[in-house]
Amino acid sequence: MKIHRINPTRRWSDITVFNGIAHFVEVPEGDLGTDIQGQTAQVLAQAELALAKIDSNKSRLLSVTIYLTDFINLAAFNEVWDAWFAEGTAPSRACVKAELANPGYLVEIAFVAAAGEGFLD
């Protein structure tokens, strides 16, 4: 089966799809001076754009791993997260406290999603 790599570089691909399952990671790419809710909103908006590139959407997310720099931000993160999903469509998830590569990041999310039919080969 073919491995689809969206925007591959020497260091990473924006999205990697194998057998219809997509993997990608998002970090805040806008204003890092914003709070956890602002950074979470940025990450989720970016995720929607990534999902569109593979003919998918947030209802087709299978699992996520959420990396937070401080669990004090978990409740505020969850407010944005919960509002992003229609009832009954949230994926399985893990939430980990971690030191992230950029000290300005408060959140990073690794996504696994079902891609569209064009990515099944």
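Reply: Glu108 is buried, yet has no salt bridge. Buried means under 20% relative accessible area, exposed over 50%, and partly exposed in between (1.4 Å probe, protein chains only). A salt bridge needs a side-chain nitrogen of Lys or Arg within 4 Å of a carboxyl oxygen of Asp or Glu. For Glu108, the nearest side chain of opposite charge is Arg11, 13 Å away. Lys and Arg count as positive, Asp and Glu as negative; His and the chain ends are not counted.

This is a predicted model: local features need pLDDT of at least 70, side-chain atom pairs count only at pLDDT 80 or more, and totals for chains, interfaces and linings use all residues. Residues are numbered from 1 along each chain as its sequence is written, and side-chain values use heavy atoms, with hydrogens and water left out.

Glu108 lies in strand β6, residues 107-114. Strands (E, at least two residues) and helices (H or I, at least four) are DSSP runs, numbered from the N terminus. Leave aside neighbours within four places in sequence. Glu108 then contacts Val25, Glu26, Val27, Thr65, Ile66, Tyr67 and Leu100. Contact means heavy atoms within 4.5 Å.

Now for a charge that does pair. Side chains of opposite charge can pair when their charged atoms come close. The structure holds one salt bridge. Glu48 forms a salt bridge with Lys58, their closest N and O atoms 4.0 Å apart. Glu48 is in helix α1, and Lys58 is in the loop between α1 and β4 (61-68), ten residues apart. Glu48 is partly exposed, at 38% relative accessible area. Lys58 is partly exposed too, at 26%.
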